[in-house]
Amino acid sequence: MAARRFVKPLLLVFIPVAAIAAVVAFWNWDWLIPIVQGRASSMLGREVRIEHLHVQLGRVTTVSADDVRIANPAGFPEGDFARIARLSAKADVIGYIRSREIVLPEIALERPEVQALQTADGKNNYTLALGGESAVKIGDLHISDGQAHVVIPTLKADFALRIATREAPAVVPGTQTTDSQIVVDAKGTYAGQPVTGQLVGGALLSLRDAQHPYPVDLKLAHGATHVRLTGTLTDPLTFGGADLKLELAGPDMRDLYHLTGIPIPETPAYRVSGQLDYADHKFRFRDFRGVVGSSDLRGTIEEDPGQERPVVAADLASAKVDLADLGGFIGTTPGRLSTANQSAAQKRELARTEASPKLLPETPISLPKLRAADVKLRYHGEHILGRSVPLDNLVVNLSVMNGKIALEPISFGVGRGRIAGTAVLDGSGDVIRAKAAVDFEHVDVARLMAATHTFGGAGAIGGHADIVTSGNSLAQMLGNGDGGARLLMIGGDLSALLVDLSGLEFGNALLSALGLPQRTPVECMIADFSLQKGLLNTRTLLLVTKEANVHGTGSVNLRNETIDYKLNTEAAHFSIGSLHAPIDIKGPLKSPSIRPEVGELTVRGGVAGALAVLMPPLAILPTIEFGQDESRECAARISSIGASERAKAAPVPARRRGR
């Protein structure tokens, strides 16, 4: 009886212990794989498969899964979107018991491989249904020998990524650091251009830790474009609290379109650097400085990428600007052969442009790029470079909204005056429709003549021009244009040599060249042209000076870029020694021939030569002109013009110097 009483309690203890021992001895964590696979597949919206499952119990429990595979969605080739040789996660069990928070102090991925694909119709296999924001707190992330292959046809992208984590280098050599870094190396093509790059970021632990800003060091080479981004983010998941320095360099800013989404015209070689931040859902590249071609550039660019089209606001300025660097804005090749850092291809293109018989730019405006973004641009060029350029400064206010361009205005300073234009271009259709007007306000004749380095003058030119047209390049717009132009000059003076040479008045020109007189007063000048379907015809061209009257007749054909013009100069007073002959200006607009009308010059020269043989003193008779005063006619024409337009030709008084 006593033995039985002893055996019964023993069995009560032994059987449960034996059962537990049997479970432990024969337990296989793989039995839980169907449950884990089901939960994971439900969370990701994809089939998830696991080969083996391992668990190490403890205060911090480690769960490992071997050969984890995430399948492609329907509609993609058979195969896996992702495959991980081993996925391990450590879970803080005690922390969960105390606070009911899921904390994963460490996640490790061994040899992860990802195939990120997009089809031609825009569908992709890398968008996962994660079901909202996760409450899981993740600590450190370790990745060893990770690889990804990304193919996105719509971006013409096909590149490979190598991903791994490493310990961050110690600030002080010889000391240890507990921080880690994630390193991503890229190589392949993007937007049809070769791309290489490396991103070095901080540990995943600091992604949500505002007390420890997340470090970023990105180097990217896209074609010939180089990008460097360094600094920190307090909230890298939302790009918040950015303290980043952005450096951009390359042969052409136009190539930045595929990286920024901002359409920029062709430019010469550039290098700029400034601060990049993000606030109110807008990126700002602020306080940047650099060079574009031979021009310096500074300012701030802001982009809101969250709209239907990116919205860009730019406030830019240059202390010194070479207008050749802005050639891309009108469709011509920017820069010069002497511009620094031009690529071989750019130099060849510049050489072709200079050798071309065409003067007007024929490069069409890209309508897709015109509609790619809404832009507001303010630009101030404080000083225009070039001794032979009669322009002092430049101000531009430009907006592009829904494919429509508005220039309000573009203004060039000329001495104490200016040339100001407004334009509206509608690119919403297949062909751009345009309307533009230009006002010439007190344009300084002294400044214009100074650019010749030979002639002088004083006074002011005023006037107005307008055009209504259509076309997809500047050449097409001018060739299709209707409108007109009128310029006035009242008073002032010009180099007598300039006026005399316009009529081959050799006697007067010789005296002018010797300094007697240096200037001839201008009574008035009126130039009135009509523009019909690209043909610029002369209504009136009359310059009345004390020395001579100059008439102009003819036309300029902007369709085929030819000129057929004649300048006829007649003495305004009695003169001797004049072999007056009209000046013919004919040929291509880019390189016309300028020569005296041979017929009349030959006749007058022949008569003078014949008289010299018969009686030398009579040889001067064909060179004598009695002169004709046309100042009244010029004044009458000008008086018929409105007072507001005449006021534009009034000289601006010189500023008095402070005493």
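Let's start with what Leu-199 touches: leaving aside neighbours within four places in sequence, Leu-199 is in contact (heavy atoms within 4.5 Å) with Ile-182, Val-183, Val-184, Val-216, Asp-217 and Leu-218. Before I go on, this is a predicted model, where local features need pLDDT of at least 70, side-chain atom pairs count only at pLDDT 80 or more, and totals for chains, interfaces and linings use all residues. Residues are numbered from 1 along each chain as its sequence is written, and side-chain values use heavy atoms, with hydrogens and water left out.

Where does Leu-199 sit? Leu-199 belongs to strand β10, residues 193–201; strands here are DSSP runs of E, at least two residues, and helices are runs of H or I, at least four, numbered from the N terminus. Leu-199 counts as partly exposed because its relative accessibility is 31%. On that scale, buried means under 20% relative accessible area, exposed means over 50%, and partly exposed lies in between, using a 1.4 Å probe and protein chains only.

Now over to helix α2, residues 33–44. Its twelve residues reach 16 Å from first C-alpha to last, close to the 16 Å expected at 1.5 Å a residue; that expected span is 1.5 Å times one less than the number of residues.

Which residues of α2 are buried? They are Ile-33, Gln-37 and Leu-44. These residues lie on the same side of α2 because they cover an arc of only 45° around the axis, taken from the directions from the helix axis to the C-beta atoms. On the other side of α2, Ile-35, Arg-39, Ser-42 and Met-43 are exposed.
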